[in-house]
Each structure stands twice: as structure tokens, then as C-alpha cells.
Amino acid sequence: MSDKKYLIQNFVPVTASELLGKVQDLKADGYRLGQACCTKLGDGFEIMYSFDKDHELLNLKMAVGEGQEVESISNIIWHAFIYENEMHDLFGISFGNSALDYGGHFFKVAEPTPWNPKNEERKAEQNG
């Protein structure tokens, strides 16, 4: 094993149906959630949950289509509700069975975010 364990990052692709099982396994193995993020990819999104154990990162990468609901991991890892509410507000991703759902009111932003397809629909309706 490397002396520079903090440089090790593993990327594991998962599907929405595999996510909860993988997160439960990681938590049972002593991993902690360090961050979660989202980025726009073509007609969908990529969500990444990053876990740490002994200074090694393990990243679960998941492709999500527009309008696809993802089960929340917040019932397994409580503080994930923060990241998931952020992704809902900024990207329009719906998370099912969230431990704490702000219903799209987690952030107050001056301008609608361009990554949220729902905001593009609203803009189009306003511009008629």
C-alpha cells in the first residue's frame, strides 16, 4: 500500500437501483460521506457520492436521466439531506424518501439555475 494513501481515489459506477445497498455496505465498513455533487451531462446528470476511510476516497458515480427519481441515502447517512436538497434545487433531481425534504426551497437564488430543466421550461413559458 502506498505511503500517500490520500492520493488514492476509486471511482465505482453504480445504478440508481444499486445505490442504497452500496451505501449501506460502505457505512457498515466504516466509510463516511465526505461530499456529494452533481453535474449536467447531455440529457441527464451525473451524481457522485464521495466516501472516505483512512484517507482513501471511494466515489460512487451514477448517471441519472432528466425526470428520474433517485432514492435518498439520507435515511442511511443523515447529513446527505443537505447535498440532496441542493441537487434538487439547483438541478431539479427528485429524491424519494428523503429524511428531510425542503420541497425545492432549500436555497433562495436571485436567478433560476440554468442546469435545472424545470427552470428552462418556466423561462420558455414566460417568454411565450
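Helix α1 (residues 16-28) lies across β1, β3 (44-53) and β4 and runs at about 160 degrees to β4. Contact here means heavy atoms within 4.5 Å, and axes are lines fitted to C-alpha atoms, for helices over the stretch in contact, with angles from 0 to 180 degrees between N-to-C directions. Helix α2 (residues 80-91) lies across β2 and β3, at about 10 degrees to β2. The model is predicted, with local features requiring pLDDT of at least 70 and side-chain atom pairs counted only at pLDDT 80 or more, whereas totals for chains, interfaces and linings use all residues. Residues are numbered from 1 along each chain as its sequence is written, and side-chain values use heavy atoms, with hydrogens and water left out.

The chain contains three helices and six strands, arranged from the N terminus as β-α-β-β-β-β-α-β-α. Helices (H or I, at least four residues) and strands (E, at least two) are DSSP runs, numbered from the N terminus. An open sheet of mixed pairing is formed by four strands in the order β1-β4-β3-β2; two strands are taken to pair if DSSP finds at least two bridges between them. Because β1 (9-13) and β2 (32-41) each have a single partner strand, they stand at the edges, and one side of each is left without a neighbour in the sheet. From one strand to the next, the twist averages 20 degrees.

Five bridges connect β1 with strand β4 (residues 56-65) in the parallel sense, and N10 has L58 in β4 as its bridge partner. By contrast, β2 and β3 run antiparallel and are joined by nine bridges; K40 stands opposite F45 in β3. The hairpin formed by β2 and β3 has two residues between the strands, and G42 in the turn shows a positive phi of about 50 degrees.

On the surface, W78, L100 and Y102 form a nonpolar patch with about 310 Å² of accessible area together. Patches are made of residues with over 30% relative accessible area and no salt bridge, like charges being joined within 9 Å and nonpolar side chains (Val, Leu, Ile, Met, Phe, Trp, Tyr) within 5 Å; a salt bridge is a side-chain nitrogen of Lys or Arg within 4 Å of a carboxyl oxygen of Asp or Glu. Accessible areas come from the Shrake-Rupley method with a 1.4 Å probe, and for residues only the protein chains shown count as cover. L100 is placed in the loop between β6 (94-96) and α3 (117-127) and is partly exposed, with a relative accessible area of 31%. Buried residues make up 34% of the 128 residues in the chain, where buried means under 20% relative accessible area, exposed over 50%, and partly exposed in between (1.4 Å probe, protein chains only).
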